[in-house]
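The structure comes first, then the notes.

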Amino acid sequence: MLNEHGGIAVDFHALRKTRPHLAVEGGQSRAMSLWLTRSTTGFLTVPKLEADLFTIRFVTSGRMIRRNRSGEHLGCPGDAMFVAFEDMRNEEASAHFAAISGTISRAALLASNRALGGAEDGACPELEPVTPVETLAMRSFLSCFQRLHRRLRQVDPAQDLFFPLFEEIVSYQLLSCWPRRRAAPRPHRSTPSSSSLRSAMEYIDARLGEPLRLADVAAAAGVSVRTLQHAFRHELGTTPLGFIVERRLQRVHADLASPACADLSVADVARRWGFVHASAFTQRYRRRFGCTPTDTRRR
């Protein structure tokens, strides 16, 4: 029934004659599919359709053997796996297997690669099929990947102002931290002008109530995403995401202090500016303003 009606790009097969156990939980956003997999018995998957996707997988328990047209790779706890879906012949998960996984389309990864470094060619970078999660950059990527999973399970991405931005940043992290098969020359980093940074800030301020993507901000400023990130760190001491969060917090603060918004609840005001998790928002607000949102409204 799962193979016929599950809407999944692979067919599942039991490894032995015992009753198979499989648990899959996940969802889909604009550019990515994200899911968690657990199996006490193990399983074998075989592609059943063509898809121009890349698979990202962090094995947390057991092991997985991935058999590709170009060779065979083993993923164990502490390993990260990356491969083009079109290259896959089958995957065999051992008993007591668990993993956090995702797919990103080739088109989305190409767009992120062009935006990140201003690359004009149409080739995706060749990443290592298996790499240990031991560097600070890879551990940070795993942490953000896990947060994106949790957010997708908790919030409708179509209604979440921050989700497209987080999704985009995860793709930039992937391209920046994952080891490459062949060392590619790093593109020359142009020096951003003050006018470019000002254009980026004005673009953000004009669209704080809408979903924002760094690629669009960079395009409005006339620079690459990598140059944009460098400009914010060098000139403002923050990241573009940090700047967006700060600006949206300021809008929340202003609304809570305004009589014009007195009929709106604190939660409504927070959601208006993209803060959908009440406890996380309250903590962030207290760190920024030294009081709770309710305190601001009361005053």
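Leu2 is partly exposed, at 39% relative accessibility; buried means under 20% relative accessible area, exposed over 50%, and partly exposed in between (1.4 Å probe, protein chains only). The model is predicted: local features need pLDDT of at least 70, side-chain atom pairs count only at pLDDT 80 or more, and totals for chains, interfaces and linings use all residues. Residues are numbered from 1 along each chain as its sequence is written, and side-chain values use heavy atoms, with hydrogens and water left out.

**Nonpolar patch**
- Leu2 lies in helix α1, residues 2–5; helices (H or I, at least four residues) and strands (E, at least two) are DSSP runs numbered from the N terminus.
- Together with Leu22 and Val24, Leu2 forms a nonpolar surface patch with about 220 Å² of accessible area.
- Patches are made of residues with over 30% relative accessible area and no salt bridge, joining like charges within 9 Å and nonpolar side chains (Val, Leu, Ile, Met, Phe, Trp, Tyr) within 5 Å.
- A salt bridge is a side-chain nitrogen of Lys or Arg within 4 Å of a carboxyl oxygen of Asp or Glu, and accessible areas come from the Shrake-Rupley method with a 1.4 Å probe, where for residues only the protein chains shown count as cover.

**Positive patch**
- On the surface, Arg147, Arg150, Arg284 and Arg287 gather in a patch of positive charge; Lys and Arg count as positive and Asp and Glu as negative, with His and the chain ends not counted.
- The place of a charge is NZ of Lys, CZ of Arg, CG of Asp or CD of Glu.
- Helices α3 (136–154) and α10 (278–289) each supply at least two residues of this patch.
- Arg150 belongs to α3 and is partly exposed, with a relative accessible area of 38%.

**Cysteines**
- Zero disulfides are found in a search of the whole structure; the criterion is a pair of cysteine sulfur atoms within 2.5 Å.
- The closest cysteine sulfur to that of Cys261 is in Cys291, 16 Å away and therefore too far for a bond.
- Cys261 is buried at 9% relative accessibility, and Cys291 is buried with a relative accessible area of 4%.

**Other residues**
- Glu168, in helix α4 (residues 163–177), counts as buried at 3% relative accessibility.
- Between Glu168 and Met64 there are 104 residues of sequence separation and 28 Å in space, C-alpha to C-alpha.
- His96 sits in the loop between β9 (88–93) and β10 (97–105) and is exposed, with a relative accessible area of 56%.
- The phi of His96 is near 55°, a positive value in a residue other than glycine.
- Most residues other than glycine have a negative phi.
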